Amino acid sequence: SELQSPCNLVCRLLLEKKQTNQYYCILIFSIYIFFNDTATTEIYTLSLHDALPIWISTGLVLKTDAGCVMPAGIAETIGRGLSADELRESHRLAHAFLDGDVALRRIVEGREDILLARWRHAQAAAWPEKVLQNANWLLQLYQAQQRPDAFVGIFEQVISRHRELPDPLRIGVGWAYLTLGDSQKATAWLDEINPDDIPLTAEAASWYMVRAEAEKSSGLPGSKERPRAILERALAVLEEDDAENNRYQRLRCRHDLARLTHFFDHNPAAAIPEYEQVAREWNTIAYAKLDRAITLRNLAEALMDVGRLPEAEARAAEARRGMPHGTRHVVYSELEYLAGRIAEKQKQPKGDILRRFRDCREKALLTNHLMMVAIVDSRLFWLEDRGQSDPGSFSDQEWQTVAQKLAIFERHAWAARVLTD
C-alpha cells in the first residue's frame, strides 16, 4: 500500500497472519515498513499525527535522511548491520516503491513531499539518473509555483554534477536568480544559451524576455536601451509563428514593453493605454490571473504617477482580489508596497500608511522577496523617524544597517535608486 499523507502518517503497515516459515523484510529509510509472509493479507492504517511530535522529541522515533520517520530501535539495530552497498540498495528499493501508480498520480497533482522523498532516496542511493529526473520534476514544480528560492535550492545542489537541464529549466534558472535580485548570475546562466538554437518559439521568446529583464535590472551602461531591442526581437519571433498558443507570450512582451515606456522612458501617461489593453486581453486567456494581477499592479502605479489616485487605488485593489489563491509571487508584497505609496500621496493618517508598509514587509518575508524587505525597511526607517533622538539630530548607526541590506542588491535599478534617495 502507498502512503497517502507522508507528513502525518508514520506508515501503512501490511500485516500478515503468522504462518510457519514466515520471514520479515523491513524496507528501511523509507516511509513504509513491510512485514511479509505467504499468508492472507490484512491491511491497517496507523495515523499518529498527534503522538508523532512527542515520540520524536523523546527519541522513540527518528527522522531519517529521507525526511521520514522510523522507530529508533529499528534504525539503530538495522542501520548498524548494513554495509554501504546494502544501504544504497535499500534507498533504491524505497525509491522504486515511490514509483507506484498512486505516488506518481500524487506527483502529477503537485505533491512536493513525495518528490522530495524520491529526490533524497536517489541521492542516498547514488543513482544519478533518478537524481536528475527528480531534480527536473522539482524544478518544474517550483517554477510553476513561482518559488525562486526553492528552485535555486535544488538547482545549486544538482548543477555541480549534472548540467543536462532542458532549455525551459535553464531559462528558469535565469528567472529564479533574477527574482531573488541577482541579475549577474541570471545573465551568466542565460548567456550559456543561444536563443537561435531553441527549437520552440515560445521558449525562445521566454529567453528573450528574461534576458531583457536581467539587462534592465543590471544597472550597467546601456541597460536602458538594450532591453527594448531584446523585447522587440522576442515580439518579432512570436509574430513569425502566429500560433494561438503564442498569445500568452505576445501579451507578456507587450506588457514588458509598456513597463519600459513607464519606468525607463518616464512616460507613465503613454504606458497607461497599453497596460489597459493588455489587462483586458488577459481576461480572454485561461489561467492568466497572476499575469493580469501583475499588469494591473503596474497600471495602478502609472495612474498614481500621473496623479489619478482614486483610479490607482481601485486598480491596485482589483489586482489584490484577482491574485490566485496561495501564490508566492513577488507581486504579492509589491502590491502592499504600492498601497502604502498611494496612501502617502493621499495624505492618509500616518498609522494607516505604516500599517500598509508593515504588511508589505510581512508578505515579502513570507515569499522570500528579500529585496522588497530591504526597500520597505528603508521606507519604514524614514517614516518612523528612527535614528533621530530629538528634532534636528540624526545618528546614522541604524541607517547603516538598513543601507547594508540595500547594498546587497545595488546592481538592481530599483534598490540602487532607493539607496541613492
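Reply: The structure is a predicted model, in which local features need pLDDT of at least 70 and side-chain atom pairs count only at pLDDT 80 or more, while totals for chains, interfaces and linings use all residues. Residues are numbered from 1 along each chain as its sequence is written, and side-chain values use heavy atoms, with hydrogens and water left out.

Helices here are DSSP runs of H or I with at least four residues, numbered from the N terminus.

Buried means under 20% relative accessible area, with a 1.4 Å probe and protein chains only. The buried residues run from Leu 169, Arg 170, Ile 171, Gly 172 and Val 173 to Gly 174, Trp 175, Ala 176, Tyr 177 and Leu 178. They pack against helix H6 (128-144), helix H7 (148-158), helix H9 (183-190) and H10, where contact means heavy atoms within 4.5 Å. After H8 comes Gly 181, with a positive phi near 90 degrees.

H10, one of these packing partners, also gives the largest share of the lining of the largest cavity, four residues. A cavity is a set of points, on a 1 Å grid over the protein atoms alone, where a 1.4 Å probe fits but cannot get out; lining residues have an atom within 4 Å of a point. There are two cavities of 30 Å³ or more, and the largest holds about 40 Å³; grid points are joined across faces, edges and corners, and a volume is the space filled by probe spheres set on the points. Its lining consists of Met 209, Ala 212, Glu 213, Lys 216, Pro 227, Leu 231, Asp 256, Arg 259 and Leu 260. Two or more of these residues come from each of helix H10 (201-218), helix H11 (226-240) and helix H12 (247-264).

Twelve of the 15 residues of H16 are buried, among them Glu 334, Tyr 337 and Arg 341. Just after H16, Lys 347 has a positive phi of about 55 degrees.

Terms used: Buried means under 20% relative accessible area, exposed over 50%, partly exposed in between (1.4 Å probe, protein chains only). On a 1 Å grid over the protein atoms alone, a cavity is a set of points where a 1.4 Å probe fits but cannot get out, and a pocket is an open set with protein on both sides within 12 Å along at least five of seven lines; lining residues have an atom within 4 Å of a point.
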